[in-house]
Amino acid sequence: MRIGIKELVLILAALAAGGLLFAWSGIFNIAASSGHWAITKWFLHYTMHQSVETHAMGIETPPLDDIAMVQRGAGHYATGCAPCHGAPGTERSPVALEMTPHPPTLVPHIEVFEPRELFWIVKNGVKYTGMPAWAGHERDDEVWSVVAFLLRLDELDEAGYRELAHGEAARRGEPLDGPVLAALGGAPPEPLAGCARCHGRDGNGRGTGAFPRLSGQSEAYLLASLLAYARETRNSGIMTPAVSGIGEGELARLAAHYARQAPPDTGSGPAPDEELVEQGRRIARDGVPVDGVPACLSCHGERRRPVYPALAGQHADYLAGQLRLFRDGGRGGTPFAHLMETVARRLDDGQIEAVSAFLASLPPEHATP
Amino acid sequence: MAELFWLMAGGAALIWVLVLGTAFYATRVRPRPHGEHVGRMLILGGGVAFPLVVLTSLLIYGLALMPELRAPGDGLKIRVSGEQWWWRVAYYRPGSDAPVHAANELRLPLGQRVELELDSPDVIHSLWIPPLAGKVDMIPGRTTRLVLEPTRTGTFRGVCAEFCGASHALMAFMVEVMEPEAFAAWLESEAAPARPAKDALARQGADLFLELGCGACHTVRGTEARGPVGPDLTHVGSRLSLAAGIMPNEPDAFARWIAEAEEIKPGSRMPSFNMLPARELDALAAWLESLQ
């Protein structure tokens with residue numbers, strides 16, 4: 001029998017009808033507990049790998065060896081990724097292991113992918129697997145931090161991982177959750193434990209530019225920023241999940257806690273480049289009138305609205321990163337944030353670096369109550 | 001200049017009559033061909049010699065008037081810089097190096113030749129006060145000049161006459177021609193620093209102005225606000241208009257401008273402060289309005 005166009009159409013229609021009948025009948029077992037056939041598993045993985053490879057083409061990989069990036073990525077990994085993917089010394093959650101497909105432990109898989117492919121997966125997630133996309137819009141810098149950490153994951157033993165992800169609590173050998181944190185005065189123990197992993201209980205961070213220094217900031221600014229993260233008016237795939245589920249009352253207590261902390265006496269960072277600092281000093285004090293850039297210190301100087309942050313002694317990398325986000329429109333923030341967008345748009349990369357270096361070199365202010 | 005106009009108008013009328021007269025003569029009075037010699041004389045005389053003589057003498061006369069245009073003013077010099085989308089103004093009094101800064105308004109003394117030096121830091125603008133003079137372009141990297149000698153007092157409106165971006169149509173200014181004594185008194189008070197706020201609301205506004213960082217862009221002489229980016233506001237309350245000739249100078253308009261600058265003047269560098277509560281906007285407006 002010859003198969004003509006008419007027969008072909010009939011066959012296709014019959015197949016479609018059969019498919020619909022199969023779906024309608026409910027015979028297919030959608031249960032996660034039933035797993036996949038080996039061939040299905042192979043086919044799905046093959047499709048996923050091909051898709052990632054194709055979609056990650058053309059993504060440029062920034063330098064990923066900065067310890068600050070690794071720390072930032074580790075801090076997020078511990079809460080955002082480890083429950084499903086495990087970590088050195090931490091098993092995957094038994095709940096996650098009941099998913100189909102199982103979320104894999106990552107070490108053997110990381111080397112299969114290029115860094116740009118890891119970036120694409122972390123940023124976009126993977127359909128039909130439970131792997132979510134990144135929660136913060138326009139925060140590729142955060143996604144790259146996670147990639148920077150993933151590339152170090154295979155070198156880490158349990159102690160190394162805990163040090164990276166849990167900071168001071170791990171260093172002091174404290175158990176990593178629960179009652180340790182009860183000694184923290186008025187602040188609620190659990191949320192503060194989460195903050196302290198990265199920012200330290202004294203708000204001074206981890207000695208690198210990985211996390212902004214919170215000590216010396218006003219309560220008004222800290223609370224407005226926490227609320228901005230919670231309401232997603234400030235973009236961050238790290239901070240928004242971290243503050244979600246914490247009530248406004250507790251956020252206020254956290255803000256009050258950090259506003260009470262004393263900053264260190266000296267500016268942050270390594271000995272800065274004199275010339276760069278001088279250039280930054282001119283921008284911070286006088287602005288760049290020809291380009292319409294006002295002086296930073298007219299708003300961020302000592303006589304300022306409490307909801308404006310203190311910049312003196314803040315980490316240069318953090319400041320530069322925020323200025324770039326303001327400039328490129330991905331930052332958001334408190335209801336005053338748009339004032340910075342219009343200013344940052346008039347700064348070039350060199351000016352951003354210079355002014356950040358200068359502000360970082362200043363001794364931090366102490367928050368006025 | 002008026003002389004030149006009347007001379008041109010009179011001459012043009014004369015020539016018009018002459019041409020029509022010739023046409024009338026050629027069609028009605030003597031509608032027959034002329035001899036070759038007469039024709040040649042008409043072409044050479046009326047088509048070559050006459051225009052040559054008339055145009056050359058007009059050119060010489062016109063050029064002779066030029067030095068008067070470039071003649072220096074009577075001493076007062078005003079630098080006007082067109083910026084997206086407002087006017088930076090600085091008065092240089094004769095014998096004084098220190099400029100008196102102002103914005104979005106020109107005040108001129110009656111009967112004095114005033115020299116305007118025009119430039120721009122961003123794109124080409126053009127200063128045009130139709131009742132007073134022709135337009136003169138303001139070109140980045142170049143200084144152009146305009147000398148004005150107003151002959152009657154009054155308030156005139158000027159505009160930017162060269163498309164300069166999104167809010168070009170919202171870039172205007174007021175010109176006030178004053179009696180020389182009144183002008184001198186005004187310039188004296190314009191040069192003085194701002195008077196301290198009197199009532200409580202204005203005082204609160206003055207504090208807010210600094211606390212919010214308005215002084216990052218704006219100068220109010222006599223306070224800590226020394227920003228060079230936007231208009232000098234030292235005596236903003238005494239100006240004839242607000243936001244470069246587009247709003248009345250009233251407290252409500254101030255509050256609205258502060259809250260909605262980006263909406264009112266799209267693309268302007270002044271951000272909207274719509275996150276401020278109404279009472280703070282009112283306080284700021286009261287303080288700015290009090291800067292007489």
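Reader: How many residues of domain 2 of chain B are in contact with domain 3 of chain B?

Author: In this predicted model, 21 residues of domain 2 of chain B are in contact with 13 residues of domain 3 of chain B. Contact here requires C-beta atoms within 7 Å. The centres of the two domains, taken over C-alpha atoms, are separated by 22 Å.

Reader: Which strands supply the side of domain 2 of chain B that touches domain 3 of chain B?

Author: At least two residues each come from β2 (86-92), β3 (100-103), β9 (154-160) and β10 of chain B. The largest share, four residues, belongs to β10(B). By residue class, that side of domain 2 of chain B holds eleven nonpolar, five polar and five charged residues.

Reader: Why are β4 and β7 of chain B called edge strands?

Author: The open sheet of five strands in chain B has the order β4-β10-β9-β6-β7, with mixed pairing. β4 (105-109) and β7 (136-138) of chain B each pair on one side only, so they are the edge strands. From one strand to the next, the twist averages 25 degrees.

Reader: What makes β6 and β7 of chain B a pair?

Author: Pairing needs at least two bridges. Three bridges join β6 (residues 125-128) of chain B to β7(B), so the two count as paired, and they run antiparallel. Leu127(B) stands opposite Val136(B) in β7(B).

Reader: Which strands does helix α3 of chain B lie across?

Author: Helix α3 (residues 180-191) of chain B lies across β4 and β10 (172-178) of chain B. The helix runs at about 135 degrees to β4(B).

Definitions and conventions. Residues numbered from 1 in each chain as written. Chains lettered and ligands numbered in written order. Predicted model: local features only at pLDDT ≥ 70, side-chain atom pairs only at ≥ 80, totals over all residues. Axes fitted to C-alpha atoms, helices over the stretch in contact; angles between N-to-C directions. Contact = placed C-beta atoms within 7 Å. Domains from an automatic or database assignment. Nonpolar A, V, L, I, M, F, W, Y, C, P; charged D, E, K, R; others polar.
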